[in-house]
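Trainee: I would like to take a close look at a single part of this protein before I move on to the rest. Could you walk me through it slowly, and then set it in its wider context?

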Amino acid sequence: MTKIDISDMLTSYDKKNLTIATVCSHSSLQIFNGAKKEGFKTLGISVGEQKKIYDAFPLGSPDEHFIVDKYTDIAKYAEELREKNVIVIPHGSFVEYLGADNFLKMDLPSFGNKKVLIWESDRKKEKQWLERAGLTMPQQIKDPKDIDRPVIVKYHGAKGGKDFFVAKTYKEFTKRIIKNKRYIIQEFVLGTRYYLHYFYSPIQNNAYKLSKGSLQLLSMDRRDETTIDEVQRLGSIAELEELGIHPTFVVTGNIPIVMRESLLPKVFKMGEAVVEKSIELFGGIIGSFCLETVVTEDLDFKVFEISARIVAGTNPYISGSPYSEFIQPDLSTGRRIAQEIKYAAKNKLLEEIIT
Ligand code: ATP
């Protein structure tokens, strides 16, 4: 199947009648709510009947439900969806359910730069991008025999921290490691975690100026991770480990947070560097992205991951955050995405923010 050119897809679109669509999960309530506030029609894609849940939240419910048998079928309905002038908003679950390869092949206009997936989904490439941007990542330990401090072991392709574990010695590592799975070993950074939610617009110059366009900080969160965040209720981690109970890192929710204001210059410098390097490497990360960081006691940031689209950590801020309130009242990330599409459609710039 030959891929349809994005400009061909958009030529046939009625730009005054666009529909914002996403998969019903993750941050979809916020995406639909934001799109509605900006006057768009909305469409929710789901496997099986999800409507009941959305009926409970009328202001976050899509105008139309589009039910498929399995997520990989979305590509089959691309033509039907294009007839509805659909622009899809990718979020973490959307890309995960569909698989990165299928997402890349999908013949539907998608908000953001799809090429970012190639740089983000491969841990080696992600490291190259972030380090070449001058960010500090946790130190990587190549040989498990060299473990001389607390480390976190991460498996490739594991989502939501699945099976990650902490080890303090080589012996502990050998006890826990799952054979035949690819992994990396990172120093476990001591500090406080901040997940920073940025928005980069290549087409608007009304925020923190970059070489092209501008950058905003919309919010930040801390993830609630089980069992690591609560395990100490039962006793010390060391005690529990002796009983074979090990902390895990599965995300169950998100907690709002605000940072010392004096750290904001560093936050913007990091965001700027990541965007500038992305422009050089693959034409730019467009729209929402999140840097997942630990701030050490010396107030240095160590960045352990980047998410290149709207993250669920923005969900506590449907009616604005302590940062977005200084940009515009009532501004969620979902709404900011809709505003960007609206601005681009009005100024004939859709091809700059959609791939
Ligand atoms: P996702 O793709 O959902 O962001 P993931 O499976 O790629 O998750 P990470 O985000 O890399 O996993 O890590 C999961 C959790 O482990 C983090 O939210 C954080 O609490 C903890 N963590 C990760 N790396 C480090 C580190 N180097 N030092 C301390 N804690 C870490």
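Trainee: Leaving aside its neighbours within four places in sequence, which residues is Arg 335 in contact with?

Mentor: Please keep in mind throughout that this is a predicted model. Arg 335 belongs to helix α12, which covers residues 333–346, and once the neighbours within four places in sequence are set aside, its contacts are Gly 34, Lys 37, Glu 38, Gln 328, Pro 329 and Asp 330. Arg 335 has a relative accessible area of 14%, and because the cut-off for a buried residue is under 20%, Arg 335 counts as buried.

From there we can turn to Thr 314, which sits in the loop between β13 and α12. The relative accessible area of Thr 314 is 2%, which is under the 20% cut-off, so this residue is buried as well. Not counting residues up to four places away in sequence, Thr 314 touches Gln 30, His 197, Ser 219 and Thr 333, and with Gln 30 there is also a polar contact of 3.0 Å between the two side chains.

In total, 21 residues surround the ligand, and the closest are Lys 154, Gly 161, Val 189, Tyr 195 and Glu 225. Sorted by class, this shell has nine nonpolar, three polar and nine charged residues. For an atom-level view, a nitrogen atom of the ligand is placed 2.9 Å from a polar backbone atom of Val 189, while an oxygen atom of the ligand lies 3.1 Å from a polar side-chain atom of Arg 223. An N or O atom in the side chain of Glu 305 is likewise found 2.9 Å from an oxygen atom of the ligand. On its own the ligand has 620 Å² of accessible area, and the protein covers 94% of that.

Ile 6 is located in helix α1, residues 6–11, and at 19% relative accessibility it is buried, because the cut-off is under 20%. Outside the four places on either side in sequence, the contacts of Ile 6 are Pro 109, Ile 354 and Thr 355. Ile 6 also has a C-alpha to C-alpha distance of 7.5 Å to Glu 351, although 345 residues separate the two in sequence.

Lys 277, for its part, is found in helix α11, which runs over residues 264–282, and with a relative accessible area of 14% it is buried. Not counting residues up to four places away in sequence, Lys 277 touches Trp 129, Arg 132 and Ala 133. Between Lys 277 and Cys 24, which are 253 residues apart along the chain, the C-alpha atoms are separated by 32 Å.

As for the overall division, the protein has domain 1, covering 1–110, and domain 2, made of 144–188 + 224–253. The C-alpha centres of domain 1 and domain 2 are 36 Å apart.

Key: Residues numbered from 1 in each chain as written. Predicted model: local features only at pLDDT ≥ 70, side-chain atom pairs only at ≥ 80, totals over all residues. Heavy atoms only, no water. Domains from an automatic or database assignment. Helix = DSSP H or I, 4+ residues; strand = E, 2+ residues; numbered from the N terminus. Buried < 20%, exposed > 50% of the residue type's maximum accessible area, 1.4 Å probe, protein only. Contact = heavy atoms within 4.5 Å. Near = heavy atom within 4 Å. Polar contact = N/O pair within 3.5 Å; in protein donor to acceptor, adjacent residues only side chain to side chain. Areas by Shrake-Rupley, 256 points an atom, 1.4 Å probe, with all protein chains shown as cover. Nonpolar A, V, L, I, M, F, W, Y, C, P; charged D, E, K, R; others polar.
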